[in-house]
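Dear colleague,

I am passing on the structure we spoke about, and below it you will find my notes. Please read them with the model open beside you.

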Amino acid sequence: MLTTIEDYPYWMALAHLPRWRTERINGLMLAIFETHQILLAEFFECTLKDWQQEFGLNAKEIEDLSTAKAALPVYAALTEKLLKLEVELIPYLSEHYSPTLKRNLQIKSAPPLLYTKGDVKLLQEPAVAIVGSRNASARALEFTRNVAHRCVQNFEVVVSGFAKGVDQTALDETVHVNGRSIIVLPKGILTFSSGFKKYYEQITAGDVLVCSTYHPKARWDAGLAMGRNVYIYGLAEKIYVAESNFEGGTWSGVVDGLKKGRTIYVRQPEADEKNANQILIAKGAIPVDMSGNP
């Protein structure tokens with residue numbers, strides 16, 4: 001499916017429908033393009049009766065879409081800002097969308113729209129997530145460095161969430177040895193100006209891709225950070241856990257991943273460590289040594 005710049009306001013209007021479940025938004029996209037085979041502009045020009053009869057939308061959904069349609073000029077202005085920043089929009093149905101993300105999260109949870117800056121081809125490459133605590137121990141950070149170097153040697157893309165601790169170490173170590181990385185933001189892509197400056201050379205060279213699933217102007221908050229973890233795990237074929245607390249994003253992400261049958265590698269902790277690594281191993285994660293070997 002070809003996505004043009006003229007479509008950007010429509011994609012944003014659909015992706016950010018308030019209180020709509022992800023599955024419902026993705027399903028509507030499929031109905032527009034695959035079932036009815038019409039353009040987004042044509043869909044937004046449909047009558048309220050067409051939305052009800054042809055697309056099966058209820059009164060509340062029609063009201064939400066009418067509000068989104070009225071906001072199209074706002075999204076058009078937002079498109080101008082995104083284009084100046086060279087941000088590319090990748091909808092769920094695009095050929096550039098990560099097949100790994102779509103496979104792992106499926107229509108129910110795969111984000112309807114990705115905001116990206118950098119080489120989108122990285123979304124098609126084998127990827128590894130290295131995750132762990134913000135306040136990680138020296139051992140966890142050493143493990144993170146080792147696994148990041150290993151991924152670079154194996155030509156794998158390292159996925160991280162741009163948080164302190166393990167995330168930041170995974171990114172910086174990958175960049176340091178000329179590897180490739182995907183940064184998954186816990187906020188809107190227009191709020192990442194300092195990060196764009198810091199990794200300008202790597203982004204320009206195609207070695208770092210910045211990705212956000214949230215409204216471009218969304219500021220960081222704890223809820224978005226927790227939601228972002230799902231997409232980090234979803235983008236990865238393999239997941240390595242440096243260190244986990246007994247609650248929080250790493251813990252919930254691993255527990256959820258194990259329930260879904262994901263293969264997750266957890267650093268075998270030393271006897272004197274106080275973390276949840278051993279419990280996650282007991283739940284089914286694969287223990288690995290300091291180099292990431294089972």
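In which loop is Gly56 found? Gly56 sits in the loop between α4 (48–53) and α5 (59–70), where helices (H or I, at least four residues) and strands (E, at least two) are DSSP runs numbered from the N terminus. Not counting residues up to four places away in sequence, Gly56 touches Arg24, Trp51 and Glu61, contact being heavy atoms within 4.5 Å. The C-alpha atoms of Gly56 and Gln124, which are 68 residues apart along the chain, are separated by 34 Å.

Before going further, please note that this is a predicted model, in which local features need pLDDT of at least 70 and side-chain atom pairs count only at pLDDT 80 or more, while totals for chains, interfaces and linings use all residues. Residues are numbered from 1 along each chain as its sequence is written, and side-chain values use heavy atoms, with hydrogens and water left out.

As to the overall form, the protein contains 14 helices and 9 strands. Its radius of gyration, taken over C-alpha atoms, is 20 Å, close to the 19 Å given for 294 residues by the globule rule (2.2 Å times the number of residues to the power 0.38), so the protein is as compact as a globular protein of that length. Along the principal axes, the C-alpha atoms fill a box of roughly 65 × 40 × 30 Å. Of the contacts between residues at least 6 apart in sequence, 72% join residues at least 24 apart.

Buried residues make up 53% of the 294 residues, with buried meaning under 20% relative accessible area, exposed over 50%, and partly exposed in between (1.4 Å probe, protein chains only). The largest nonpolar core has 83 residues, and those with the most contacts inside it are Leu14, Phe43, Leu65 and Ile182; such a core is a set of buried Ala, Val, Leu, Ile, Met, Phe, Trp, Tyr and Cys residues joined through side-chain atoms within 4.5 Å. Helix α1 (residues 8–15) gives the most to this core, with 7 residues. Apart from this core lies another, of 16 residues, among them Ile130, Ala148, Tyr240 and Ala242. Leaving aside neighbours within four places in sequence, Leu65 is in contact with Leu14, Leu17, Trp20, Leu28, Phe43, Phe44, Trp51 and Leu57.

Helix α13 (residues 249–259) also deserves a look. The buried residues are Gly249, Thr250, Trp251, Gly253, Val254, Val255, Gly257 and Leu258, and what covers them includes β3 (127–132), α12 (222–235), β7 (238–243), β8 (264–267) and α14 (277–282). Just after α13, Gly261 takes a positive phi of about 85 degrees.

Finally, there are two backbone angles to check. Most residues other than glycine have a negative phi. Glu86, in the loop between α6 (72–84) and β1 (88–91), has a positive phi near 60 degrees, and this residue is exposed, with a relative accessible area of 61%. Phe162, in the loop between β4 (157–160) and α9 (166–176), has a positive phi near 55 degrees, and counts as partly exposed at 24% relative accessibility.

With best wishes
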